[in-house]
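Here's a quick tour of one predicted model. Have the sequence and the 3D view open while you read.

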Amino acid sequence: MRVAIGAMKHESNTFTHLSTDLEPFEPVTGDAVYDSAWSEGTATRGIIDILEAAGHEIVPTQFAHAIPSGVVTAAAFEVLRDGIVDRIERANPDAVCLDLHGSMAVEGESDPEGALLAAVRACVGQRPIVTSLDMHATVTDRMVEHLDGVAAYRTAPHTDVYDSGVRAGRILTTILDGTPTIVRHCHIPMLLSGEQSETDAEPMASLIGALETTDEAPGILETAYLLGFPWADSPHGGCFAVVTGEADAVDRVETETRSLAERFWARHADFTFTTEAYPLEAAVSHALDHPSTPVVLSDSGDNPTAGATQDLAIVAEHLLERDVPDALVAVIVDPDAVTACRSAGHDVDVELSLGRTGPERDAPPLSVTGTVRSVQTVRGRSMAVVAVDGVRIVIADDRVSVTDPSLLEELGEDPAAYDLVAIKCGYQSPAYQAIAERSILALTPGATNCRLETLPYERVPRPIYPLDEPDWKPSL
Ligand SMILES: [Zn+2]
C-alpha cells in the first residue's frame with residue numbers, strides 16, 4: 001500500500017521574546033528526504049525502513065525541524081502544515097505515518113499538531129494516521145482524536161529516536177494488515193522538566209520499564225509517557241499516558257491508560273533533579289572544591305536546546321567575580337561582540353559589553369576587557385574565543401547547540417583541559433558526561449529556568465504540580 005510520510009518538529013518556548021519563522025526549519029520535500037539529514041538516525045528513517053520492509057510504498061511529503069526557540073509565526077506554520085497536507089491530498093495515500101515532536105506553539109494556535117492532524121484527517125477520511133512523538137510532546141484531545149497510533153521516544157537523553165519511528169511503523173503495518181486500532185490518553189497534572197526525568201534515573205527508569213510490560217498485554221500495541229514541555233505556558237500543559245490498542249479491546253486500552261497515569265502520578269513527588277543541582281554560587285563552590293577535573297556545569301536557565309536566548313552572561317560574570325583561575329564558558333550569543341573581536345584581531349585586547357540586549361531583563365550585559373584568542377566560522381556560526389583573566393568565553397553570532405564537546409574541539413579548545421567548563425544546556429549529553437569528572441546543574445535564571453514554580457504561568461491547566469497540590473484521579 002502507499003503510505004505518505006512527513007515531519008514537523010519544534011519545541012516552542014513561550015517565555016522568550018524570540019519568534020521562529022520558516023527559515024530555521026529548512027523544509028525538505030519529496031524524494032530529497034533520502035539525501036538529507038532525515039535519512040539517518042531519525043524517526044522518519046525508522047518509519048521508512050519498517051514500512052519498506054513490509055512491502056509498502058513510501059510517498060515523502062515535507063520534513064521540517066528547527067532547534068527549540070520561541071513561538072512559531074502563523075505564516076511559517078501555514079507552510080509547515082500545508083507542505084504536508086497538500087502533498088497528502090495530491091497523493092491520496094492508503095495511510096499516513098508522521099514524525100512529529102509535539103509541543104509546538106504558534107501565534108494564535110495553541111495546538112498546531114492537532115490542527116495539522118485534523119487537516120490530514122480531512123484529506124484521508126477513515127484511512128489510518130499514525131505518528132512518532134518526542135518524549136517531550138504535549139498531547140491534546142484533538143491530536144488523539146485524529147490518530148490511530150502513537151509511539152514515542154523512551155529515552156532521555158534521546159538515544160532511541162530511530163526506534164520510535166520503527167515502533168510507529170509497526171503500529172501502521174498492523175493496521176494495514178487488518179487490525180483496526182484506537183488511541184486513548186490521560187492528562188496527568190504535572191509540569192516536569194527534562195532535568196527531572198532522565199530515563200536512567202528513578203522514577204523514570206521504573207516507569208519506562210513498566211511500559212515495556214504493558215506493551216505485552218493482550219489487545220495493547222504500544223504505550224507511551226509524554227512529559228510535555230514546561231517552558232511553554234500552554235492550556236494543554238502537563239504529562240500524559242497514551243496507549244494504542246486494538247479497537248475491539250477498548251476496555252483493556254482504557255484500563256491500561258488509567259493505570260499507567262496512576263502509576264506515574266503516584267511518583268510525582270519523586271521527580272527530583274537527576275543531576276545534582278544547586279543555585280549558581282553553590283554550584284560553582286562544589287565545582288571548585290572537586291579534586292578532579294573537568295567539572296562540567298550546566299547553565300540550565302539559558303539552555304538553547306529548550307528554546308532560551310543563550311545570551312545571558314550571568315555565569316561568566318560570577319566566575320570573574322570569584323576570580324576563578326581556569327574556566328571555559330560556552331557559548332554566549334552576541335553578534336556585536338563577535339564583530340568587535342573580528343575587527344580587533346588575534347591577541348588584541350577588546351572591550352566588550354557582552355550578552356543580553358533583548359527585552360527580557362534577567363541580566364544586563366557584562367562589561368569586560370579581554371584578549372581575542374580566536375575568531376572563526378564553525379558550524380555556520382561566526383564564533384570568537386576571548387580570554388578574560390582566568391576565564392575563556394566563547395561567543396557566537398547566533399544560537400548554537402552546545403550539547404556536544406566536539407564543537408569546542410572544532411574551535412581549538414580542549415574541554416577536558418579546563419578545571420571548570422560551563423555550558424548552556426540542561427541535562428548533559430552522554431558525550432559531556434563521558435568527559436566530566438563531575439556534572440552539576442546550576443539553577444540559573446532565564447527562559448528555561450528549572451525552578452518551574454518561579455515561572456509566570458497564566459494558561460496552564462490548574463491545579464497542576466508543582467504550582468499546586470492537586471487531589472487527582474485519572475479520567476480519560
Ligand atoms: Zn525531547
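## Helix α5

Start with a length check: α5 has 16 residues, which at 1.5 Å a residue should span 22 Å, and its end C-alpha atoms sit 23 Å apart, so the two agree. The expected span here is 1.5 Å times one less than the number of residues in the helix. Helices (H or I, at least four residues) and strands (E, at least two) are DSSP runs, numbered from the N terminus.

Buried means under 20% relative accessible area, exposed means over 50%, and partly exposed lies in between (1.4 Å probe, protein chains only). Among the buried residues of α5 are V161, V166, R167, I171 and L176. Just past the end of α5, G178 takes a positive phi of about 115°.

A word on the ground rules: residues are numbered from 1 along each chain as its sequence is written, and side-chain values use heavy atoms, with hydrogens and water left out. Since this is a predicted model, local features need pLDDT of at least 70 and side-chain atom pairs count only at pLDDT 80 or more, while totals for chains, interfaces and linings use all residues.

## The sheet and its helices

Next comes an open sheet of three strands, ordered β9-β11-β10 with antiparallel pairing. Two strands pair if DSSP finds at least two bridges between them. β9 (181-188) and β10 (220-226) are the edge strands, each pairing on one side only. On average, neighbouring strands are turned by 10° against each other, direction ignored.

β10 and β11 (residues 239-246) are joined by six bridges. Y225 has A241 in β11 as its bridge partner, and E222 has T244. Six of the seven residues of β10 are buried.

α5 packs on this sheet, touching β9, β10 and β11, and its direction makes about 145° with that of β10. Contact means heavy atoms within 4.5 Å; axes are lines fitted to C-alpha atoms, for helices over the stretch in contact, and angles run from 0 to 180 degrees between N-to-C directions.

## The zinc site

Which residues coordinate the zinc ion? D134 (OD), H136 (ND1) and H158 (NE2) do, at 2.1 Å. Donors are N, O and S atoms within 2.8 Å of the metal (3.2 Å for Na, K and Ca); water is not among the atoms, so sites may look incomplete. H136 is buried, at 8% relative accessible area, whereas H158 is partly exposed at 28%.
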